[in-house]
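Here are some friendly notes to read alongside the model. Keep the structure open and look for the rings as you go.

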Amino acid sequence: MELTPVEEYNGVLYKRDDLYAPYGSDFVTGGKIRQCRDLIETNLDYIKSKCDSTISTAASIHSPQAVIVSRVAQEYGLDSIIGFGNTSIEGALKHKAMSWCKDMGSELVVLSESQGFNNVLYSNLNKLSETRPMFKVLFGYAAQQYRSSIIGKISEQVQNIPDDVDILFVPCGSAVTFTGVIEGKRIYNKNFQLVGLQPFGYDRKSDINKNLEGMVWDYDYNFHIGNWPYHQLYEKNVGFELDRIYESKAYDMMINSSKYQSSVNPCFWVIGNSNNIR
């Protein structure tokens, strides 16, 4: 197991999970790749024997999830299906993420001509899987079924958070990483306070609680929701460039919070970086 480093910039510690870059720094980086690789490697025999050596996902045309699944499929010699909605294949290919997926050999599939919401895309991908064998990679939904690859791989990374950190701030999109960090705090007996920072989207606390292994009252964390627009690209350099969709906005939420202003030795968890596909 390789732990990504904790580094200090201008008096703030950063858990640099964005430095997990098995495909190079010019690709997408971060913990989502680690989870996907472990998920596929763990289930590789099943994928080859029961799923026609095919993995799939459904995601926004801007999402790093699509390029991660496509690249992992390429690494393991598998076919891949990338589903999306609310545009045509021609329209999707105008976006770097979808163009990369095509270049890596993925089959692009329009799952809905008018809707791009995850629940619609996931439902239609499930329907497609009834006629075409495939192993679906949907990170949020996989957190329970494939817990060791998703939650477990995140929780391991908590081990090298320094003992003198008093508050750990974690950006949240689907909040799967945050859930893994919560479990890691419990497993490794860490004493820091834990704060989730969700820049946009619907409240993920119910998703967090259902994916925790213990009872809800066994865990202690704070959770804050912002009102940032998802599509706004927000640049933030803290000694290195933060992801312009997630981390940059969560970082601003952190430094403007009373928790941060009263902290002695804060740490900010950098999940990954997908600026190269923006």
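**Notes on the aromatic rings**

1. Start at Phe-240: Arg-16 lies over the face of this ring, 3.6 Å from the ring centre. A charge counts as over a ring if NZ of Lys or CZ of Arg is within 6 Å of the ring centre and within 35 degrees of the ring normal.

2. Before going on, please note that this is a predicted model, where local features need pLDDT of at least 70, side-chain atom pairs count only at pLDDT 80 or more, and totals for chains, interfaces and linings use all residues. Residues are numbered from 1 along each chain as its sequence is written, and side-chain values use heavy atoms, leaving out hydrogens and water.

3. How many aromatic pairs does a search of the whole structure find? There are 16, where rings of Phe, Tyr and Trp (its six-membered ring) pair if their centres lie within 6.5 Å; planes under 30 degrees apart are stacked, over 60 edge-to-face and the rest tilted. Tyr-14 and Phe-240 are edge-to-face, because their planes stand at 85 degrees, with centres 5.3 Å apart.

4. Tyr-14 belongs to strand β2 (residues 12-16), while Phe-240 is in the loop between β10 (222-225) and α11 (247-255), 226 residues apart. Helices (H or I, at least four residues) and strands (E, at least two) are DSSP runs, numbered from the N terminus.

5. Buried or exposed? Tyr-14 is buried at 1% relative accessibility, and Phe-240 is buried at 9%. Buried means under 20% relative accessible area, exposed over 50%, partly exposed in between (1.4 Å probe, protein chains only).

6. Ring pairs join Tyr-9, Tyr-14, Phe-240, Tyr-251 and Phe-268 into a cluster. Tyr-251 is also one of the buried residues of α11.
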